[in-house]
Amino acid sequence: MKQKPIVFSLIKEQSSFMTAIMSVLTFLSVLTLGIALMIGTGAIRMNSQWDLYATIQTTDSNDVPKIREVLNKNKNIIKSSTEISSNQMMDLMSPWVSGGSALQKYLPQMWEVKFASKQDLQSVQTQITPYAKFLTHKNALETPIRAGWYLIAICALVLAVALGSITVCISYIAHNTAILHKRELEILNQIGASDSFVAHQMQIIVARICTRATIYGFLMALPFLFLILSAAHSARVGMMAMVELSGFDWILLFALPVIITVFATYITKHTTKKILQNS
């Protein structure tokens, strides 16, 4: 079956330039969305993981038996309880302090406790508070988690700018093509061609450019996403160790180039009809 020729076309230099611009914008969009999804997953996992953890601290040795008594009394609702010895505390503090055994008497007695539920955590917290400091890990991690959400907001802003730039580029393609083919437009108008027909011809041009460009941009972004994931996992600390892309996240990333192409063809149709109405 013979393919119908299109009415309009861009010269090679124009097509290459617009393909390069759209590829870069798609690359930025996919990379930004991927980073936002990674950070979001990390923040959610970190928040949920530490929801049931708490640290108990006291510097008064007289309170230690009372704390142990409370923990033993509630052992049915405590999943795990680890008492940190003075030697372990010294090992933890060794990167920042020195002085050996002389510092041990100033170090707090600590327990790391994991509870079965949030209600159990709150119940034991009420019983422990009169004797020691009860620090929930969730509260301690509020600052890095909040920073993660701020980064997601920044990524969303960059993604919005990239999509806005795509809109400007598509409008430019439509305007530029209309100027280059002004005589053809006049002829089509004289023979009674509808605005929808002309707009469809423009959509074919844009769809071809966007299809190539979004594939190129997506393929360029993939190595960077894998590199970020690898670097984050190798860090093995804090939220960085928890960033991940789930199956649904990958579906969103694969869908983004398709959405960009569909969005571009819609903008082309709208822009072309506006140009024809004003001409």
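**Helix faces, ring pairs and surface of a predicted model**

T265 is found in helix α9. Helices (H or I, at least four residues) and strands (E, at least two) are DSSP runs, numbered from the N terminus. The structure is a predicted model: local features need pLDDT of at least 70, side-chain atom pairs count only at pLDDT 80 or more, and totals for chains, interfaces and linings use all residues. Residues are numbered from 1 along each chain as its sequence is written, and side-chain values use heavy atoms, with hydrogens and water left out.

T265 counts as buried, at 15% relative accessibility. Buried means under 20% relative accessible area, exposed means over 50%, and partly exposed lies in between (1.4 Å probe, protein chains only). Leaving aside neighbours within four places in sequence, T265 is in contact with Q203, V206 and A207. Contact means heavy atoms within 4.5 Å.

The protein as a whole has nine helices and four strands. From the N terminus, the elements follow the order α-β-α-β-α-β-α-β-α-α-α-α-α. Of the 279 residues, 40% are buried. Among contacts with a separation of 6 or more, 87% join residues 24 or more positions apart. The accessible surface comes to about 16,500 Å². Carbon and sulfur atoms hold 62% of that surface. Accessible areas come from the Shrake-Rupley method with a 1.4 Å probe; for residues, only the protein chains shown count as cover.

Helix α2 spans residues 64-73. Its buried residues are V64, I67, V70 and L71. Seen down the axis of α2, these residues fall within an arc of 125 degrees, so they line one face of the helix. The arc is that of the directions from the helix axis to the C-beta atoms. The face of α2 turned away from the buried side carries the exposed residues E69, N72 and K73. Cover for the buried residues of α2 includes three strands, β1 (53-58), β2 (78-84) and β3 (109-115). Helix α4 (118-128) is also part of that cover.

Helix α4 has its own buried residues, D120, L121, V124 and I128. They cover an arc of only 100 degrees around the axis, which puts them on the same side of α4. Exposed residues Q119 and T126 sit on the face of α4 turned away from its buried side. The buried residues of α4 are covered by elements including β1, α2, β3 and β4.

Side chains of opposite charge can pair when their charged atoms come close. A salt bridge is a side-chain nitrogen of Lys or Arg within 4 Å of a carboxyl oxygen of Asp or Glu. The count comes to one salt bridge. It joins the side chains of K66 and D63, at 4.0 Å from N to O. K66 is partly exposed, with a relative accessible area of 37%. D63 counts as buried, at 13% relative accessibility.

A pair of aromatic rings is described by the distance of the centres and the angle of the planes. Rings of Phe, Tyr and Trp (its six-membered ring) pair if their centres lie within 6.5 Å; planes under 30 degrees apart count as stacked, over 60 as edge-to-face and the rest as tilted. The count comes to five aromatic pairs. One of them is the tilted pair of F115 and F134, with 6.1 Å centre to centre and 45 degrees between the planes. F115 lies in strand β3 and F134 in strand β4 (residues 133-136), so the pair ties together parts that are 19 residues apart in sequence. F115 is buried, at a relative accessible area of 0%. F134 also counts as buried, at 9%.

F218 and F254 form a tilted aromatic pair, 4.9 Å centre to centre and 40 degrees between the planes. This pair links distant parts of the chain, with F218 in helix α8 and F254 in helix α9 (residues 247-278), 36 residues apart. F218 is buried, with a relative accessible area of 7%. Ring pairs link F218, F226, W250 and F254 into a cluster.

Helix α8 (residues 195-235) also contains M220. M220 is partly exposed, with a relative accessible area of 38%. I215, Y216, L219 and M220 form a nonpolar patch on the surface, with about 390 Å² of accessible area together. Patches are made of residues with over 30% relative accessible area and no salt bridge: like charges are joined within 9 Å, nonpolar side chains (Val, Leu, Ile, Met, Phe, Trp, Tyr) within 5 Å.
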